[in-house]
Each structure stands twice: as C-alpha cells, then as structure tokens.
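Here is a short tour of one model, written for a reader who likes to know the cut-offs. Keep the viewer open as you go.

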Amino acid sequence: MKFSIQSKILILSLSCTLLGTLTLGNISALFISRITQRTSIQSIENQLNAEASKLNVSFVEHEKYTQALVAGIFSQIKLDSANFFNKNLTTHIANIKDRITSTIGNIPGVKTIYVRFNPSITSPDAGLFLVKDNNSDSPFASVLPTNITQYSPNDVEHVGWYYLPIQTGKPMWLTPYYNKNIDVYMISYVVPMFLENKELGVAGIDIDFELMTKLISKIRILKTGYTYLEDNEGLVTYHPTFPVGLSFKPSEDQIRISTELFNGMTLVGIIPLSELNAQRNKLILQCILFILILLALTTTITIIFARS
C-alpha cells in the first residue's frame, strides 16, 4: 500500500506530535510528583516544628525556675553551712517555700514542687512537698514528704524522682511515669544537689502529663493525620489509640515525620499517604487534561496544515 507525500507528512507530523506530547506529559508528571510531595512534607515538618516549639517553651521555663530554686538553696547553705541541716533547717525550708510560692508556683501545669534532702544527713522525710489539686486556681498545699528510706532505690514509681537524678549526677527529665504517692501520671524535671561531691538531695517539679497530652491530641495534620509522643528509647508515652510502653510502627500506607523535644522525648506525626499525595494527584490529573487538550489541538492543526 502506497502513501501519498501528503499522507506521509501527516503521519510523520502526528507521530512527532504524539511522541512530543507524551514525553512532555511524563516529564511534567514526574516533576509535579517530586515537587508537590517534597513541598507537602516540608509543610508538615514546619507545622510539627512549630508545635514542638510551643512545648519546648514550657520545658525551658520549668528548667529555668527549678535551677533558680536550686541556686537559692545553695546560697542559703553557704550562708549557714554550720546549722542549715540541723537546728535552722525548719526556718530554711519555710524560706524556700516562700520563694517557690512567688516563682515556680505561678507556672501553669505544675502539679507538685519538692525539695528533698539526703536522708543520711537529715530525717528521711525532711524537705518540702507542695501539691496542687485539680483546680488550677487553688494554692499549693503542703503535704508530708515521702519517707524515702521506706522504698528501694529501684522503685521508680515511688522514689525514682529522687534516686535517678542522684545516680546520673545531673539535671534530668524523667520519662512520664505514674506516681503512686499522689496518684497522678506525670513528667518530672529534677536537679540533684551536690556540694563538694557530697550528696545533699534534689529539687524538682512534676507536671501533670495529662495537660500535655490534651494539647498534643488537638494537633491535626492535614485531615486525619495525628501526633503522638515517644521517649528516648522509642517507646510510646502517649498515643491516641496505641498502648503506652510499646514501640509503634506506622503501616505501609502511612508516613512518619518526627522532631525531638527539648526534654529528650520525640513528637511524631503520622500522615496517611493518600492525604499526602492528594494534592499531587490533583495536579497530575490537571496536567493530563492539559496534555490531552494540547494533543487534540496540535493534531487538528497538523491535519489542517498537511491537507493544505
């Protein structure tokens, strides 16, 4: 079968048009896929970092006030080193309480504040233990401090707040835990106190962990994405549906994005891939429609030109 020169030109033109259009379509779709996904992930990372910054501001504030409290205690000890831990201890504890009431006591979210001394140099319940009830406007009430010597140093639920910082020898945020002494799930920041390598005790604060989890539960990423918390070992400390204390792995149709918090925990975002790719798919569909329109237009022009 022989084709006229006009037919050959038409077939060649249509082939080049089709090949060029398909090539342009594939390149455009690939470019859109990469750019939109990268942009979406960057946007989610920015949102997660912004939420983490809000939490970090609170952590830094708690650290600052607790360390200032410890500095004040050291000043009192140096001024009255001979009698601080014996006949003048009651007076010093009263002064510490006054300082706490005007500083740390005004920070939202604080559940308890305590200053505990080494039971080997004072009585086992010596110190200060202030507790606030569920009414955030109520003042702190003094509670008889826990007798530290009643429990094993390995009993984290009762005395982990004392022995863990003493063992590490440095300020630390404790992994969220259930405090059986006051029946509250909390997170603690504790500063151990040493003077000339001598253990003096600890000063710390407890934050009601439920207040933090309520804030995290309100974070929404895209439509159905959510956030949860992990400790420094990758174990869940808060998740809307998953058990605490286990390691969570997202499914294959989900993507994980995370950022580390100031206290060593990690804020993790889980986003369905279908939602992450929704914008990409929309743009690719628009690109395909445009390519089809362009193909139809160029084909029509080519046919008209070839016949002329």
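Let's begin with the strands (DSSP runs of E, at least two residues, numbered from the N terminus). E2 and strand E3 (residues 141-142) run antiparallel and are joined by 2 bridges; two strands pair if DSSP finds at least two bridges between them. Strand E1 (residues 110-117) is also antiparallel to E2, with 5 bridges joining them. Two of the facing residues are tabulated here.

| Residue | Opposite residue |
|---|---|
| Arg116 | Gly127 in E2 |

This is a predicted model, so local features need pLDDT of at least 70 and side-chain atom pairs count only at pLDDT 80 or more, while totals for chains, interfaces and linings use all residues. Residues are numbered from 1 along each chain as its sequence is written, and side-chain values use heavy atoms, leaving out hydrogens and water.

How enclosed is strand E2? Because 5 of the 5 residues of E2 (residues 127-131) are buried, the strand is largely enclosed by the rest of the structure. Buried means under 20% relative accessible area with a 1.4 Å probe, protein chains only. Leu128 and Leu130 point one way from E2, and Gly127, Phe129 and Val131 the other.

Technical notes: Buried means under 20% relative accessible area, exposed over 50%, partly exposed in between (1.4 Å probe, protein chains only). Helices (H or I, at least four residues) and strands (E, at least two) are DSSP runs, numbered from the N terminus.
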